[in-house]
Amino acid sequence: MMLWACILLPHLALDGVLRRRPTEGPLVLVSGPANARTIVSANPAAREAGMRVGQKLAAAQALLAQFEAVPYDQAAVDRWHRFLAAVAYRYSAEVALFPHAIVLEVSKSMGLFGPWPRFERLLRADLTALGFAHRITAAPTPHAAYVLAGVGDGQAVLDDHTLRGALFHVPIQRARLPERASDALPSMGVRTLGQLMALPRDGLRRRFGAELLATLDRLTGDLPAGLEAYRPPDVFDLKIELTHEVENVASLIFPLRRMTGDLAAYLAGRDGGVQRFVLHLEHREHRVTDVVVGLLSPERDAGMLFELARGRLDPVQLTEPVLGMRLVARDLPAFVPGGTDLFDERPANALPFEQLRERLRARLGDDAVYQLGSTTDPRPERAQSPEGRTEGPDEVHPRPTWLLERPIPLRGPAPVILAGPERLETGWWDGAEVCRDYYVVRTSLGQQAWAFCPPDERNGWMIQGWFA
Amino acid sequence: MGAVVALSSLLDARQVWRGRAAPIPAGDQPTGWPELDAVLPSGGWPDASLSEVLSASDGTGELRLVLPTVKRLTGGKRPVVLIAPPYAPCVAGWRQAGVHMGRVQIVRTVEKDALWAAEQCLRSGSCAAVLLWPHHADDRALRRLQVAADTGRALGIVFRDRQHVEHASPAALRLEVEADPGQLWVRKCRGGAVPSHAVPFPALAH
């Protein structure tokens with residue numbers, strides 16, 4: 001049996017705005033023509049001051065002198081709607097968008113996330129963390145869950161037998177029926193879904209057409225739900241407008257934390273990681289400063305993404321004010337969680353080394369953390385490099401532990417020869433020919449050095465390394 | 001009553017139990033030099049702590065002292081991190097000492113970020129040991145590293161010039177390498193009396 005969860009988002013537009021500009025003060029969303037702006041949403045402080053949805057902006061201004069009025073942006077609302085669907089995608093492969101709501105099939109994922117009460121808690125925790133008000137219900141059909149969410153929060157109908165009973169008392173106006181039916185039915189004395197479902201179907205078809213019956217059948221599951229499945233996009237693209245012009249990078253940190261948090265939620269939804277993303281800092285006249293955040297391996301931890309992005313953003317010198325910020329991630333490979341070994345030597349709360357390396361790279365530069373391996377070139381200056389192999393046969397002649405980048409002349413008294421010579425005669429093929437006799441020597445200061453001189457000579461000592 | 005015994009010598013010899021005796025750092029970190037391990041209270045490096053290696057100049061045995069430990073640790077899972085080493089580690093030489101270079105990570109950084117990087121590595125818990133060559137590390141910086149080493153259960157080894165031996169240090173163990181004659185001095189060891197004699201540390205024979 002299927003079980004569908006419905007997440008109703010009663011304040012989607014407002015929550016989307018508020019998470020960009022957290023405010024305790026009154027704030028309303030307005031829409032409509034310039035001379036007749038109407039309030040479409042109001043936060044608690046605005047409602048307390050007496051503002052109501054549907055009120056004219058002019059009337060609201062008479063109530064309160066100081067409040068924020070933000071234009072309602074349908075495109076932004078749609079973006080948030082799809083973003084939350086991407087987040088829900090983490091919990092189920094079957095996700096669909098309803099007006100102001102998201103439905104997802106959960107019966108198949110309960111094995112992973114636990115029984116419904118626990119599943120519900122997870123969903124609520126996610127939405128609360130992201131800052132979206134919500135109601136959550138569950139029912140055997142998506143439309144029933146959607147209707148129940150319209151009536152109240154938290155109702156869960158887990159099997160078919162109790163579904164009819166749960167729908168029985170739903171008032172007609174809240175049953176999300178075709179408009180003609182929900183207008184006419186109450187005047188006919190039909191006030192609840194239970195009364196409606198008890199009526200003869202033939203009569204309903206004659207009176208309201210097949211559409212009403214189809215709606216009822218979808219509610220009870222007699223007709224397939226016929227949903228258009230949501231698929232998460234392959235590019236993460238999130239843009240925010242700042243409320244004022246920002247002149248220093250420090251003021252971008254709060255929105256950055258939110259954006260990287262959203263990126264992490266999106267990545268968890270598609271079960272992927274991100275290898276590279278770009279922050280576009282938008283200035284006037286479409287000028288943009290790009291900050292590229294590259295990682296060595298795919299990651300998706302919110303804290304880490306924030307820290308790395310911050311590491312790259314901090315040193316940026318702003319030459320002009322920033323009006324908006326956009327985060328675009330196209331490189332979204334599969335994420336392979338680091339394996340945890342039963343016999344792991346690391347402390348329980350250890351940071352994976354990959355994360356530590358990213359943290360170091362973010363501050364010190366991309367090539368700041370490296371390994372050394374040996375090349376096939378026998379010349380000491382070229383015998384090792386970060387690209388070299390870390391495994392291989394051991395050198396039979398003595399080699400020092402420190403290698404000088406460039407040989408330096410040995411000054412002072414002649415050294416005591418401890419071992420050698422070892423002749424290195426090579427490099428004839430690329431013009432950097434080398435012909436030297438290498439020795440292990442002790443200097444007058446008691447240091448052991450790896451030094452060379454021209455073939456068959458024992459002067460003009462050059463130090464190549466230290467046996468430290 | 002017999003001979004008068006100076007209190008300080010009793011305390012140094014650890015014959016008197018003191019109420020708040022500093023706990024002996026538990027250790028499972030042999031240095032690989034048996035004669036040195038024998039005189040150290042924890043039988044080796046103090047685990048999850050900072051140790052200092054002091055030497056007069058480069059190339060007097062300071063790496064030789066720690067390479068057996070690096071060899072042992074690179075046999076495990078956690079890497080050994082070198083932060084701003086004064087020269088490039090010679091891969092061939094380190095391999096001859098038995099070190100697995102695949103577990104050695106090197107961090108290139110300027111002086112001012114070296115202490116930050118060392119702290120991050122020590123604290124992370126993902127490094128077996130962090131080797132550091134700071135030029136200017138004051139008492140406060142070393143104390144931070146000591147705390148980080150404790151948090152991340154890592155071995156921190158700081159290489160410094162022997163002139164610093166005069167100054168107090170929060171490190172749990174301080175070793176001074178002497179080139180001629182080749183010997184090691186334990187200058188401080190938490191949880192035990194400082195041995196009065198040097199440990200022989202003969203130069204490498206080729």
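Two strands count as paired here if DSSP finds at least two bridges between them. With that in hand, welcome to a predicted model in which β15(A) and strand β3 of chain B (residues 88-89) pair in the antiparallel sense over two bridges.

**Where the chains meet**

- The contact between the chains involves 48 residues of chain A and 45 residues of chain B.
- Several elements of chain A each supply at least two residues of the side that touches chain B, among them β12 (369-370), β13 (373-374), β15 (402-409) and β16 (416-426).
- The largest share of that side of chain A, six residues, is given by α15(A).
- Sorted by class, the side of chain A that touches chain B holds 26 nonpolar, twelve polar and ten charged residues.

**A sheet built from both chains**

- Strands of a sheet pair through backbone hydrogen bonds, and the pairing can be parallel or antiparallel.
- Here, six strands make an open sheet with antiparallel pairing, in the order β16(A)-β17(A)-β18(A)-β19(A)-β15(A)-β3(B).
- At the edges are β16 of chain A and β3 of chain B, each of which pairs on one side only.
- Where β15(A) pairs with β3(B), you can find Leu403(A) standing opposite Ala88(B).
- Within chain A, strand β17 (residues 434-442) and β18(A) pair in the antiparallel sense over six bridges.
- On those strands of chain A, Val440(A) stands opposite Trp450(A) in β18(A).

**Chain B in brief**

- Chain B contains six helices and nine strands.
- Of its 206 residues, 48% count as buried.
- Among contacts in chain B with a separation of 6 or more, 67% are between residues 24 or more positions apart.

**The nonpolar cores**

- The largest nonpolar core has 90 residues, and those with the most contacts inside it are Ala5(A), Ile7(A) and Ala145(A).
- Helix α13 of chain A (residues 253-269) gives the most to this core, with eight residues.
- This core lies between domain 1 (4-25 + 67-220) and domain 2 (237-331) of chain A, because both domains give residues to it.
- If you set aside neighbours within four places in sequence, Ile7(A) is in contact with Ala88(A), Ala101(A), Ile102(A), Leu123(A), Leu127(A), His134(A) and Ile136(A).
- A second, separate core has 83 residues, including Val369(A) and Tyr439(A) from chain A as well as Leu50(B) and Met101(B) from chain B.

Note on methods
Residues are numbered from 1 along each chain as its sequence is written. Chains are lettered from A and ligands numbered from 1 in the order in which they are written. This is a predicted model: local features need pLDDT of at least 70, side-chain atom pairs count only at pLDDT 80 or more; totals for chains, interfaces and linings use all residues. Two residues are in contact if their C-beta atoms, placed from the backbone, lie within 7 Å. Helices (H or I, at least four residues) and strands (E, at least two) are DSSP runs, numbered from the N terminus. Ala, Val, Leu, Ile, Met, Phe, Trp, Tyr, Cys and Pro count as nonpolar, Asp, Glu, Lys and Arg as charged, and the others, Gly among them, as polar. A residue is buried if 20 or more other C-beta atoms lie within 10 Å of its own, exposed if 12 or fewer, and partly exposed in between; C-beta atoms are placed from the backbone. A nonpolar core is a set of buried Ala, Val, Leu, Ile, Met, Phe, Trp, Tyr and Cys residues joined through C-beta atoms within 7 Å. Domain bounds come from an automatic or database domain assignment.
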